[in-house]
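This report goes through part of a protein model. Please look at the sequence and the structure before reading on.

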Amino acid sequence: MTPALVSPADDSSSLAPSPADPQATRTRLIEEAMRLMAREGMNAVSLRRIVIAAGAQNPSALHYHFGGRDELIEAITNFLQQWLEPRACARLQALADQPGYTVRDVVEAAFGPVIAMLSEPALGRDAVNFIGRLGWDYGEKGQEISAALHRRTLELTLARLQALMPGVGRETIQFRLLLTMNAVYYGISYRSYMRRSPFGAMELAAKGDEERQQAEFLDYLVAGLSGP
């Protein structure tokens, strides 16, 4: 069973919640909805199927806890934001007191937590895929939710980059940041493509080469942000 989503500040409980607990039902609905939507699409999965996958006894459980699809997607996003935002913002704020920080330091501070999601049992690739899909698989509503999820982190990232790149216009940096953010989510979500690429299976896709893969990926992101 996938570990339950809990508050980021509460990692102490490893016991499975009681099936009769309403909060446990809500948690399982969020887990299963994130997993199914991440793998199949935001609109491709019926709400009834999510209820069944979560093992909820009441067919109306999802409507009771969330109301509908929009509210469910917002609830999943809110949980992920609670995990991502404090980690990224703390790193970005710390850079302000660190003389000589670089564009690479900013990229690692802003997007390192996204990469770290992969090793979190309750999050993993499904969480990254879910966030990536918000921007392109759920219309204008998904883009609004994604914007709210990333706003504070990207505003801090912009401030740090402006200090390093005074000769580059604000909107140019903003545009590059949006492209970088997309590259992060899609690059992580679909990195298995390297095993079936037009160049054939790449060595970078081999198990155990994750450190080199991450370093190459960060080099790519930094180059895109730092260009003339």
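How exposed is K141, in relative accessible area? K141 is partly exposed, with a relative accessible area of 31%; buried means under 20%, exposed over 50% and partly exposed in between, using a 1.4 Å probe and protein chains only.

## Basis

This is a predicted model, in which local features need pLDDT of at least 70 and side-chain atom pairs count only at pLDDT 80 or more, while totals for chains, interfaces and linings use all residues. Residues are numbered from 1 along each chain as its sequence is written, and side-chain values use heavy atoms, with hydrogens and water left out.

Helix α7 covers residues 139-164 and bends by about 50 degrees at R151. The bend is the angle between axes fitted to the seven residues ending there and the seven starting there. Helices are DSSP runs (H or I, at least four residues), numbered from the N terminus. Among the buried residues of α7 are I145, L149, T153 and L161.

Helix α4 (residues 69-95) packs on α7 at an angle of about 5 degrees, with the axes 10 Å apart. Axes are lines fitted to C-alpha atoms, for helices over the stretch in contact, and angles run from 0 to 180 degrees between N-to-C directions. The two helices are therefore roughly parallel, a term for angles under 35 degrees, with those over 145 counted as roughly antiparallel. Contact means heavy atoms within 4.5 Å; the residues making it include I73 and E74 of α4 and K141 and I145 of α7.

E74 and K141 also meet through their side chains in a salt bridge (3.1 Å, N to O), that is, a side-chain nitrogen of Lys or Arg within 4 Å of a carboxyl oxygen of Asp or Glu. Because E74 lies in α4 and K141 in α7, the pair ties together parts that are 67 residues apart in sequence. E74 is partly exposed, at 28%.

Helix α5 (residues 103-116) packs against α7 at about 175 degrees, with axes 10 Å apart, so α5 is roughly antiparallel to α7.

Within α5, E108 and R104 are four residues apart, about one turn of the helix, and their side chains form a salt bridge (3.7 Å, N to O). R104 also has a salt bridge to D219 (2.5 Å, N to O). D219 lies in helix α9 (residues 210-226), so this pair ties together parts that are 115 residues apart in sequence. Shared partners join R104, E108 and D219 into one network.

Notes:
Angles under 35 degrees count as roughly parallel, over 145 as roughly antiparallel, 65 to 115 as roughly perpendicular and the rest as oblique.
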